[in-house]
Amino acid sequence: MTSTSTSTSTLRPGPQVSLWGEDGKSPYQRLSQRMLDVTGDRGVLKDVIREGAGELVAPDASVLDITLWGMELGLLSMRRGELARFLLSPRYAYGALGCPPLIPPEATVLFEIELLDFLDSAESDEFCALSAEQQDQFPLDKVLKVATTEREFGNYLFRQKRFYDAKARYKRALQLLHRRSGPPEERPLVEEARLLVLLNLSLTYLKLERPTAALRCGEQALRIDQRSAKALFRCGQACLFMAEYEKARDFLVRAQREQPCNHDINNELRKLACYYQDYAEREREMCYRMFASHNEDPVNGDN
């Protein structure tokens, strides 16, 4: 990912299309008269439906999943939780070509955008560029904040099924926390943050079909909290993936002891039982064939 900060947004159904006629009238003309001019040339107009809260999206943010220039400019004028309507002139939308067959040439389009959340990684990127010695000069709160941003960025990428990118963010968060050399009283907070990242990274490795790495992360999480049901579950999943059924059963049974009613754990145990039954039947069949073949060998010598 090349952006220094990223915003996520939800688009309501649309776009709705309106063509400006030669007489200058449009179905959106009345709406546009009470809208805020975002760009200064009335190319992007905004009407706030529901106010947001907090800071605006960072001015240097590059926005994922947004393809129109006008929509990106509009999004950068929003706050978390805000719902707004944007009217985009052709220059800021689809231009002279349109987007056939739905969007005709020189179309003015109307979108509604709801900004659910955004992550600004500029601060994180700047901190990660520092040397370990420079990072150690900052208080623990700063390190934890940056590591949390990296983890949340990884979570967003994971939800987008961009597992390799998510892995990179999680590993960067782990590196920051691993390099933290502070007084003993800081260790519980650092280990708590590491636990969350390790659990996410273990699941990501499972999605990437790398069970050995997933198991390694799960076992590291267990060294922090040996009763973590999620860590035990991840280790069990990894062992099941590698057909190490006894180890998988051990981890999953321990996870079930911690959370007896957990639906995912119980389902994984049922899956393990089916896999193990198939495995045992194949083993019995193999042994039967081996002994049958041995008994059918000709006997040398006289009776």
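In which helix is the place of Glu-268? I looked it up and found Glu-268 in helix H11, residues 263-295.

**Entry 1: ground rules.** I noted that this is a predicted model, where local features need pLDDT of at least 70, side-chain atom pairs count only at pLDDT 80 or more, and totals for chains, interfaces and linings use all residues. Residues are numbered from 1 along each chain as its sequence is written, and side-chain values use heavy atoms, with hydrogens and water left out.

**Entry 2: the chain.** I found 11 helices and 8 strands in the chain. Helices (H or I, at least four residues) and strands (E, at least two) are DSSP runs, numbered from the N terminus. Of the 303 residues, 43% count as buried. Buried means under 20% relative accessible area, exposed over 50%, and partly exposed in between, with a 1.4 Å probe and protein chains only. I read an accessible surface of about 17,800 Å² for the chain, and 51% of that belongs to carbon and sulfur atoms. These areas come from the Shrake-Rupley method with a 1.4 Å probe; for residues, only the protein chains shown count as cover. Among contacts with a separation of 6 or more, 63% are between residues 24 or more positions apart. A contact means heavy atoms within 4.5 Å.

**Entry 3: back to Glu-268.** Is Glu-268 buried or exposed? Glu-268 counts as buried because its relative accessibility is 9%. Not counting residues up to four places away in sequence, Glu-268 touches Phe-233, Gln-237, Leu-240 and Leu-252.

**Entry 4: helix lengths.** H10 (residues 245-258) has 14 residues, so at 1.5 Å a residue it should span 20 Å, and its end C-alpha atoms are 20 Å apart, which agrees. The expected span is 1.5 Å times one less than the number of residues. The buried residues of H6 are Phe-163, Ala-166, Lys-167, Arg-169, Tyr-170, Ala-173, Leu-174, Leu-176 and Leu-177. An α-helix has 3.6 residues a turn, so residues three or four places apart point the same way. I then checked what the buried residues of H6 pack against, and found H3, H4, H5 and H7.

Entry 5: Gln-135 is in helix H4, residues 132-135. Gln-135 counts as buried because its relative accessibility is 4%. A polar atom of the Gln-135 side chain lies 3.1 Å from the backbone oxygen of Phe-127. Leaving aside neighbours within four places in sequence, Gln-135 is in contact with Phe-127, Cys-128, Leu-130, Leu-176, Arg-179 and Arg-180.

How many cavities of 30 Å³ or more does the structure hold? I counted 1. The largest cavity has about 30 Å³ of space, and its lining is Gln-135, Asp-136, Val-143, Leu-176, Arg-179 and Arg-180. On a 1 Å grid over the protein atoms alone, a cavity is a set of points where a 1.4 Å probe fits but cannot get out; a pocket is an open set with protein on both sides within 12 Å along at least five of seven lines; lining residues have an atom within 4 Å of a point. Grid points are joined across faces, edges and corners, and a volume is the space filled by probe spheres set on the points.

**Entry 6: the largest pocket.** I read a volume of about 270 Å³ for the largest pocket. Of the 13 residues that line it, the closest to its centre are Arg-80, Phe-118, Asp-120, Glu-123 and Lys-145. Strand S5 (53-56), strand S8 (108-119), H3 and helix H5 (140-159) each supply at least two lining residues. The largest share, 4 residues, comes from H5.

Entry 7: I found a cis peptide bond between Pro-100 and Pro-101, with omega about 0°. Pro-101 is in the loop between strand S7 (83-88) and S8. Lys-161 is not a glycine but has a positive phi, near 65°, and lies in the loop between H5 and helix H6 (163-179). Glu-209, also not a glycine, has a positive phi of about 60° and sits in the loop between helix H7 (187-207) and helix H8 (211-224). Lys-161 counts as exposed because its relative accessibility is 64%; Glu-209 is exposed, at 56%.

Terms used. Polar contact = N/O pair within 3.5 Å; in protein donor to acceptor, adjacent residues only side chain to side chain.
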